[in-house]
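Work through the exercises below with the sequence and the model side by side. Each task is followed by a worked solution.

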Amino acid sequence: MQFVYNFVALISWFFLKAVALFNPKIRLFVQGRKNVIPTLKNAISGSDEIIWVHVASLGEFEQGLPIMEKLRTEFPTYKILVSFFSPSGYEIKKDTRVADLTTYLPIDTAKNATLFLEFARPKLAIFIKYEIWPNYLKELNKRQIPTILASAIFKQNQIYFKWYGGFMRDTLRTFSHIFLQDDSSARLLESIGIKNTTVSGDTRLDRVSEILERDNRLSFLEQFKKNRLCFVAGSTWPEDEAILVDYINNAPKGLKYVLAPHKIENNKILGLTGAISKKTVRYSKFDENTIADFEVLIIDHIGLLTKIYSYADIAYVGGGFATGLHNTLEPAVFGIPVIVGPNYHGFKEAEDLVAKKGILSVADSFQFSELMKKLLDDVGLRSKSGTINASYISKNKGASIQIIEYIRKLL
């Protein structure tokens with residue numbers, strides 16, 4: 001089975017190099033990996049003590065961030081190496097201050113794993129959530145380097161629990177310890193003989209809890225909102241925007257709207273702006289002296305959404321009608337009701353909070369309009385839903401503390 005896996009990895013790499021000629025994102029994926037080994041060779045000396053943290057993309061980076069920040073405090077003499085699988089994460093966070101060095105992870109072949117570890121020389125490797133790469137883990141195990149899988153979550157339909165999943169089950173067994181999000185994952189792993197686990201929860205709850213301690217003020221939002229109720233829709237896709245625009249155009253005046261689309265290409269923003277009949281302004285073109293005159297603000301800039309949520313009385317998180325739900329915890333931490341589309345299954349926090357009625361799911365425009373009317377008319381309902389969300393996060397944070405306690409015993 002390992003031979004088949006390695007063969008597929010090599011074929012995939014050749015295929016990606018061909019696709020890179022025509023696809024800009026894949027081109028970043030391929031070209032970014034060309035200089036990984038020379039970069040490691042030049043940046044890491046023989047006296048450096050390295051903790052390696054590997055993430056898939058931006059979401060997993062945010063998930064691992066509370067761990068990395070605590071590593072900085074607890075082990076100041078160690079350097080942190082962060083590797084990304086996806087260019088969408090690497091390109092945004094390649095200059096992050098939490099890491100001493102940020103790279104791509106070369107494709108998971110035996111040769112690449114050997115070379116990467118030869119020059120990285122980590123004392124500890126931490127993989128976040130789903131990042132389980134057989135050749136890297138085999139080589140780490142061979143070199144007796146402790147490995148941790150953090151914030152992992154498992155489902156019955158994954159290959160590890162199939163009759164043909166022996167190779168991947170063996171890969172899981174190479175981890176020194178696995179920190180899990182829920183009890184269900186622990187039971188699944190125990191069913192295949194893996195017991196070196198701890199149910200610590202999701203480190204993202206630690207991450208969003210820290211948001212409350214920051215300065216989230218945005219002067220332009222204060223001017224825009226004034227004393228009006230504010231609805232914020234974050235990370236929206238066209239499927240979400242069709243419902244939102246229909247509501248905005250037909251809703252009575254009185255509510256302020258902030259829309260932060262997932263894609264901010266100029267032609268998409270122009271299309272969205274043109275579809276809204278209410279007075280609308282883009283973030284890139286606003287004047288702080290007149291911004292209060294507008295009813296709709298469209299955010300065509302990356303990096304503001306978390307702070308913007310702090311001004312929301314009701315939030316909507318996109319992706320539930322499209323490719324997959326985005327981060328519902330960022331608005332939920334501010335103690336406000338959160339609305340999502342129907343496709344929230346597979347996101348534990350969303351499933352939990354929909355069941356508790358802190359997150360509210362709608363299936364179409366009619367349900368969205370009816371729910372908005374209820375939330376706007378009933379202050380008690382807004383307060384109750386928001387309190388459920390804030391309490392859930394407060395009660396379930398602390399995963400990164402448990403992980404650091406384990407790491408103290410290793411280093």
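**Exercise 1.** Is phenylalanine 29 buried or exposed?

Solution. The model is predicted, with local features requiring pLDDT of at least 70 and side-chain atom pairs pLDDT 80 or more, while totals for chains, interfaces and linings use all residues. Residues are numbered from 1 along each chain as its sequence is written, and side-chain values use heavy atoms, without hydrogens or water.
- Step 1: buried means under 20% relative accessible area, exposed over 50%, and partly exposed in between (1.4 Å probe, protein chains only).
- Step 2: the relative accessible area of phenylalanine 29 is 7%, so this residue is buried.

**Exercise 2.** Classify the ring pair of phenylalanine 29 and phenylalanine 85.

Solution.
- Step 1: rings of Phe, Tyr and Trp (its six-membered ring) pair if their centres lie within 6.5 Å; planes under 30 degrees apart are stacked, over 60 edge-to-face, and the rest tilted. By this rule there are 25 aromatic pairs.
- Step 2: here the centres are 5.2 Å apart and the planes stand at 75°, so the pair is edge-to-face.
- Step 3: the two residues are 56 apart in the chain, phenylalanine 29 in helix H2 (residues 24–31) and phenylalanine 85 in the loop between strand S2 (79–84) and helix H5 (87–93). Helices (H or I, at least four residues) and strands (E, at least two) are DSSP runs, numbered from the N terminus.
- Step 4: phenylalanine 85 has a relative accessible area of 26%, so it is partly exposed.

**Exercise 3.** Which strands does S4 pair with, and how is S4 enclosed?

Solution.
- Step 1: two strands pair if DSSP finds at least two bridges between them.
- Step 2: strand S1 (residues 50–55) is joined to S4 by five bridges, in parallel; valine 53 has isoleucine 126 as its bridge partner in S4.
- Step 3: four bridges join S4 to strand S5 (residues 147–152), also in parallel, and isoleucine 126 stands opposite isoleucine 148 in S5.
- Step 4: six of the seven residues of S4 (residues 122–128) are buried, so the strand is largely enclosed by the rest of the structure.

**Exercise 4.** Which residues touch the most other members of the largest nonpolar core?

Solution.
- Step 1: a nonpolar core is a set of buried Ala, Val, Leu, Ile, Met, Phe, Trp, Tyr and Cys residues joined through side-chain atoms within 4.5 Å.
- Step 2: the largest has 64 residues, and Ile126 and Phe154 touch the most other members.
- Step 3: another core, of 39 residues, lies apart from it and includes Val258 and Ile336.
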